[in-house]
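Please open the structure in a viewer and keep the sequence at hand.

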Amino acid sequence: MRYTFTQQGFERGCALWKDTVLKPASAAPGMVRMQLLTAAPSALAVGTWESKTDAEAFMRTGVFKTLMERIGPLLERNPEPELWELAAFAEGRP
């Protein structure tokens with residue numbers, strides 16, 4: 001999901017995202033990784049799930065509705081959903 005905040009709302013919006021989405025996602029079944037990438041005033045939330053079903057189940061908890069109630073006034077425009085598929089991947093050595 002891509003978020004575009006107002007300049008004044010960026011820091012608060014990112015903090016609210018962490019509290020509202022990241023914390024509950026950390027305990028959600030099937031969650032592999034959750035990231036928030038930032039380039040003020042934009043943020044890109046990237047969730048990696050074991051399955052699309054797990055991601056959809058998490059969204060049914062109402063987390064996005066709650067998030068929008070909290071960050072709505074801080075946004076420049078509505079969030080833009082994006083669905084990406086993994087095309088390539090590499091890991092460094094430990």
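The stops proceed from the whole chain to its sheet, then to individual residues and a pocket.

**The whole chain**

Please note at the outset that this is a predicted model. The C-alpha trace spans about 40 × 30 × 25 Å along its principal axes. Of the 94 residues in the chain, 29% are buried. Among contacts with a separation of 6 or more, 62% are between residues 24 or more positions apart.

**The sheet**

Next, select the strands. In what order do the four strands of the open sheet lie? The order is β2-β3-β1-β4, and the pairing is antiparallel. Strands β2 (31-39) and β4 (75-80) form the edges, each of them pairing on one side only. From one strand to the next, the twist averages 15 degrees.

**The pairs of strands**

Select β2 and β3 together. These antiparallel strands are joined by eight bridges, and a hairpin of two residues connects β2 to β3. To locate one point of this pairing, display Ala-39, which stands opposite Ser-42 in β3.

Move on to β1 (residues 2-5). Which strands pair with β1? With β3, strand β1 pairs in the antiparallel sense over three bridges; here Arg-2 stands opposite Leu-44 in β3. With β4, strand β1 is also antiparallel, and three bridges join the two. On that side, Thr-4 stands opposite Arg-77 in β4.

**Thr-6, between strand and helix**

Select Thr-6, which is placed in the loop between β1 and α1. Is this residue buried or exposed? Thr-6 counts as buried because its relative accessibility is 18%, and the cut-off for a buried residue is under 20%. Display its surroundings as well: beyond the neighbours within four places in sequence, Thr-6 is in contact with Pro-41, Leu-74, Leu-75 and Glu-76.

**Thr-20, within the helix**

Continue to Thr-20, a residue of helix α1. Its relative accessibility is 6%, so Thr-20 counts as buried. Two distances may be displayed from its side chain. The side chain of Thr-20 reaches the backbone oxygen of Leu-16 at 2.8 Å. A polar contact of 2.9 Å links the side chain of Thr-20 to the side chain of Arg-70.

**The largest pocket**

The largest pocket has a volume of about 1,200 Å³. It is lined by 31 residues, of which Val-46, Gly-47, Thr-48, Trp-49 and Glu-82 are the closest to its centre; these five may be selected to find the place. Which elements each supply at least two residues of the lining? They are α1, β2, β3, α2 (52-59) and α3 (63-71). The largest share comes from β3, which supplies six residues of the lining.

**A final view**

Definitions and conventions
Residues numbered from 1 in each chain as written. Predicted model: local features only at pLDDT ≥ 70, side-chain atom pairs only at ≥ 80, totals over all residues. Heavy atoms only, no water. Pairing = 2+ DSSP bridges. Axes fitted to C-alpha atoms, helices over the stretch in contact; angles between N-to-C directions. Buried < 20%, exposed > 50% of the residue type's maximum accessible area, 1.4 Å probe, protein only. Polar contact = N/O pair within 3.5 Å; in protein donor to acceptor, adjacent residues only side chain to side chain. 1 Å grid on protein atoms, 1.4 Å probe; cavity = no way out; pocket = protein on both sides within 12 Å on 5 of 7 lines; lining within 4 Å. Points joined across faces, edges and corners; volume = space filled by probe spheres on them. Contact = heavy atoms within 4.5 Å.
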